Amino acid sequence: MIKNLSITLILFIFSVVTISAKEEKKRVIREMETQFVEELTPSIDGELNDKFWQNVNETETSFIVFEPENGAPSNQKTFIKTAYTDFGIYIAARMVDNTGEPIRQELGIRDDDRRNADQFGVILDTYQNGQNAFYLKVSASGVQTDIFINRGRRDYNWDAVWKSHAKITENGWQVEMEIPYSSIRFPKEKDQDWNINFMRKIQSKNETSFWNYVDNSIDGLVNQSGVLTGLEGIEPPLRLSISPYVTTYYNKFGDESGMDITGGMDLKYGLTESFTLDMTLIPDFGQTVSDNLVYNLGPFEVQYDENRPFFTEGIELFNKGGLFYSRRVGQSFGSVNLLGSDSLVTKPAEAPLLNASKITGRTKNGLGIGFFNAITNRTYAKVYDKESKELRLEQVDDLTNFNVMVIDQSLKNNSNISLINTNVQRFDGGNNANVIGSDFRLRDKSNTYQIDGFGAYNNIQNLEGFVNDGYKYNISLAKISGKYQYRIGRNVESDTYNPNDMGYIRNPNQISHFASVGYNQFQPTTIFNRYRIRAGANYSELYKPNSYQDFTTWTDLWAQTKSFQSFYLNIRYEPFKTFDYFEPRVKGTKYFKTWNYSSRLRYSSDNRKAFMSSVSVGIWNAPDREQFDYWVNFSPRYRLNDRFSINYDINYNKQSSSIGFAEHFKNDEGDVQQIIFGERDIDVMSNVLGLNYTINNKMGFNFRLRHYWNKVDYFNYFSLTNKGDIEPIAYNGKDLASDTYEKHDTNFNVFNIDAVYSWQIAPGSFVNVVWKDAVQEVNNMVDMNYSDNFKNVLSTEHRQNLSIRLIYFLDYTQIKRDLALNRS
């Protein structure tokens, strides 16, 4: 009955949305001709009065508003010049501002384009495929942002080396940009055109506009660019750069302290005009920002963000279907075999990275190729034998090679198809894993309808041969543009599908169907600038044994008012009970029955104001077992001036009478005889304080303090029945060897400080000073209040680290050019 209901709902949604009128608009594509300038170079000082610019034509243009009033002409004029040399492309822009408001100039670190500042940017689609582009922006305070756009995804970790300078004038402000050919990629053709667009943001009006009209009812930004003509005789240069670095560390933990010096180098080499080799030799990620660690009570692995620079830049080709989770590289996979008289002294938290390299690029015909390889070293745990009183080393991790290969072909109409293979080889007897997958995205000519899908097959083997294999596939049909949009699809994951040696999946063994429909108001109304309403349903069942799991309906609303305040409301409801096969933590037919609904409301104020805030509240209720959860988030930010700002984020989550897995009772053979669930009160609180002080657009200081506290207090225990219900049992959670505490009670704390001073001493070259302070503590003292608990954390021994790093960028093309200029 439930399956028929879900199918009926999906067909109903499909029938409703397919009769919506297809909205097509005639698009005018603007063109701009650039000019070649010989034997001259501008000084890039923002003055725009160099001899270089004297004979370059200036284009006076009215930009077209993207938001808030999409399609309207901007009433602020912009004047643009473009020119090119044998070295790079140059852009000069004058932004007239007669709004009567001061031009916003908040300073910030590089790539932080959310600051309260006017901006000018250029989008370069050098291969004219409408899918990939280099997006370079400069704020009125001179802060650079560079982004690589890949099919709508914005990669802020892509960093190019280019020059720019902004200057405030009597009539507005202006900017000058030098973009070396070595910083971007383009085809090796004698004469060529590039797709281009220019962006301007007037912060006082919260207005973003583009030179070539970008319709916000059409999916995509790059595919709505204009054209830059007149590029003749340019050639991709030899792209060779190295970034050697040296780091000095002072480490302290308790009474122990020490100094260390490390060095290494990053290398970039252009194999062709399209493909680049990136290598990191003797990598050192000691200055990477601390993880937001959490205490995990659930059945699934927590997925953490990747913060290591080499693994965040230029990986867009590899991010397909969850097959590449870069945190696996360096993760400690092994376990320690302890004998009866053994005790564990230390166990490695990660496997040292020996080296890593990647080759990425895309040809003029749209063929993208990616190759990634990394090697991690063996690791050992220290084990103490109590009987022999000897200390020995036990191997934990193998010498391991991680490899990814991707082929991705761009097709017309912003479509694509790709093939990806991941492989993990362990050289000391551990499991070897291989996954092959493919995805596709097909769109119609108007960029309105899309069908996309993904499929993968995995195989795991050890020295004795086959271990297991599995597969996954999904497919969906969607209307992605226009006021009325929808999506309908199916996802299947076999019970043995496991890409987690190099990828990430929360839980396989699932078949799900989903459908959603939405209405988007893109133009301002009397009250709102924009709003969106959506509704949908999800139906899932277990792959093996094939049986019902859950059916969920949801609806949400997002709106932005005329005063640039935004609201979001989400309501989720399960009309039938859910059969949770994962919480019992055993494979087979065991499940836990539950029924719940939830709601969430979020409000955000106008971020242009000196004080802005975001507030979220939510509830989660399971009426059948009287469980009620709520959470509150408050995130204020105060900008004292254009250099200094303070932000704070507090989250509190209270789960009363939460029911969940506690432990397994096993027999002497290790088989699970009884599954024990516990009733517990859970309190989760996190506090994050951030201080940002920017001295100028090349130098700044950032301070971040985070304290995370999770307290779990058990008070009742139950046995899970074969029908998914729970029955009280005579068990108090005490450890068999002691009656003093409940072994499941947990008081978990993480405390981190990351203080960073960064100084850009030259393009691509930095001096970074980083201080870290870290504590991670787990105990069972659940009776402490927040104040006492925090005092206990501060009194615990901290692991502290002070590091100073110098990294210097050396570029072959730039050095060659400087030498030539010096000779002349």
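Visitor: What volume does the largest cavity have?

Guide: About 80 Å³. The model is predicted, and the volume is computed from it.

Visitor: Which residues line the largest cavity?

Guide: Among them are Glu106, Asp112, Asp113, Arg114, Arg115 and Lys137. By class, the lining has six charged, three polar and three nonpolar residues. Strand E7, residues 132–139, gives the largest share, three residues.

Visitor: What makes Phe285, Phe310, Phe311, Phe318, Phe324 and Phe372 a cluster?

Guide: Ring pairs link them. Two rings pair if their centres lie within 6.5 Å. The structure holds 42 aromatic pairs.

Visitor: How do you know that arginine 308 sits over the ring of phenylalanine 311?

Guide: Its charged end is 4.1 Å from the ring centre. The cut-off is 6 Å, and the charge must also be within 35 degrees of the ring normal. Arginine 308 also lies over the face of phenylalanine 285, at 5.7 Å from that ring centre. The 6 Å limit covers that distance, so this one counts too.

Visitor: How do you know that the span of helix H4 agrees with its length?

Guide: Helix H4 has 12 residues, 812–823. At 1.5 Å a residue it should span 16 Å, and its end C-alpha atoms are 17 Å apart, so the two agree.

Visitor: What reaches the backbone nitrogen of threonine 813 at the start of H4?

Guide: A side-chain oxygen of aspartate 811, to within 3.2 Å. A polar contact needs N or O atoms within 3.5 Å, so the distance qualifies.

Terms used. Residues are numbered from 1 along each chain as its sequence is written. This is a predicted model: local features need pLDDT of at least 70, side-chain atom pairs count only at pLDDT 80 or more; totals for chains, interfaces and linings use all residues. Side-chain values use heavy atoms; hydrogens and water are left out. On a 1 Å grid over the protein atoms alone, a cavity is a set of points where a 1.4 Å probe fits but cannot get out, and a pocket is an open set with protein on both sides within 12 Å along at least five of seven lines; lining residues have an atom within 4 Å of a point. Grid points are joined across faces, edges and corners, and a volume is the space filled by probe spheres set on the points. Helices (H or I, at least four residues) and strands (E, at least two) are DSSP runs, numbered from the N terminus. Ala, Val, Leu, Ile, Met, Phe, Trp, Tyr, Cys and Pro count as nonpolar, Asp, Glu, Lys and Arg as charged, and the others, Gly among them, as polar. Rings of Phe, Tyr and Trp (its six-membered ring) pair if their centres lie within 6.5 Å; planes under 30 degrees apart count as stacked, over 60 as edge-to-face and the rest as tilted. The expected span of a helix is 1.5 Å times one less than its number of residues. A polar contact is a pair of N or O atoms within 3.5 Å; within protein, one must be able to donate a hydrogen and the other to accept it, and residues adjacent in sequence count only if both atoms are side-chain atoms.
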